[in-house]
Amino acid sequence: MKIYPHYSVLGSVNSYLVGNEESKEALIIDPGKITGEVLDHIEKNGYRLTAVCITHNHFHHHGYGLRTLLKIYKPKIYAADQVLVQRSGKVLRGDCTLTIAGFTVDCLSVPGHSPDSYLFKIEHCIFTGDSLTAGTPGYTLHSFAAKTLTEQLSKKLLKYGDELLLFPGHGPPSTIGAERRFNSAAFGIPQNLQPDHAVLS
């Protein structure tokens, strides 16, 4: 697996091209804006773009990028919003494991930042969208959404080892270990508890 991160000025969004070196398929996560550089990575590496995964339906995470890709390729769209998927993909409901671009992808529902927010786990990497940013939990509109998000992040992420890489929709990458230690608010861990000793359900 090779990951090519790209920064989109449209909403300051991170987009990720994930290439499968065995099948020569590729997928893109959150195509905020597709540039010639992204297309060059696809073409020069001989990839077939077979899928687009969208973490949530906020415009700057798919924006004009999805429209551009659909003009050039015929990817299957994976998202929890029927408007985005239309007739060219799969609407995600609940947690599921799918084969996408030759990868086994765990699709994890984490409502909170938005009702349709998803994490995508591919091998040793998790793409978090806006549900988790390095050092801070995802933005929410009210306390109930914040509580829901921390519960889901705790349940879905803390079961993994510290070495797993996290690729957020904004900002730099991180790891489970770094977030467990320095981002206790994202998991609902009281600040007076050391993460190593916190009891999580």
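Start with the open sheet: 6 strands in the order β1-β2-β3-β4-β5-β6, with mixed pairing. Two strands pair if DSSP finds at least two bridges between them. Helices (H or I, at least four residues) and strands (E, at least two) are DSSP runs, numbered from the N terminus.

This is a predicted model, in which local features need pLDDT of at least 70 and side-chain atom pairs count only at pLDDT 80 or more, while totals for chains, interfaces and linings use all residues. Residues are numbered from 1 along each chain as its sequence is written, and side-chain values use heavy atoms, with hydrogens and water left out.

**The sheet and its helices**

Next, select β4, residues 48-53. It runs parallel to β5, and 3 bridges join the two. Pick C53: its bridge partner in β5 is Y78.

Contact means heavy atoms within 4.5 Å.

Which residues of α2 are buried? G63, G65, L66 and L69 are. Buried means under 20% relative accessible area, exposed over 50%, partly exposed in between (1.4 Å probe, protein chains only). The buried residues of α2 pack against β3, β4, β5 and α3.

**D81**

Move to D81, in the loop between β5 (76-79) and α3 (82-85). D81 is buried yet has no salt bridge. A salt bridge is a side-chain nitrogen of Lys or Arg within 4 Å of a carboxyl oxygen of Asp or Glu. The nearest side chain of opposite charge, R93, is 7.8 Å away. For charge, Lys and Arg count as positive and Asp and Glu as negative; His and the chain ends are not counted.

What does the side chain of D81 reach? The backbone nitrogen of V83, at 2.8 Å. Leaving aside neighbours within four places in sequence, D81 is in contact with N57 and D116.

Select S109 in strand β8, residues 103-109. Draw a C-alpha to C-alpha distance to R93: 7.7 Å, across 16 residues of sequence. Is S109 buried or exposed? It counts as buried because its relative accessible area is 15%. Not counting residues up to four places away in sequence, S109 touches G94, D95, S117, Y118, Q152 and K156.

S109 also stands opposite Y118 in β9. β8 and β9 run antiparallel, joined by 5 bridges.

Select β9, residues 118-122: 5 of its 5 residues are buried. In a regular strand the side chains alternate between the two faces of the sheet. Colour Y118, F120 and I122 for one side of β9, then L119 and K121 for the other; both faces are covered.

Finish on strand β10, residues 125-129, which pairs with β9 in the antiparallel sense over 3 bridges. F120 stands opposite F127 in β10. The hairpin of β9 and β10 has 2 residues between the strands, and E123 takes a positive phi near 55° there.

How values were computed
Polar contact = N/O pair within 3.5 Å; in protein donor to acceptor, adjacent residues only side chain to side chain.
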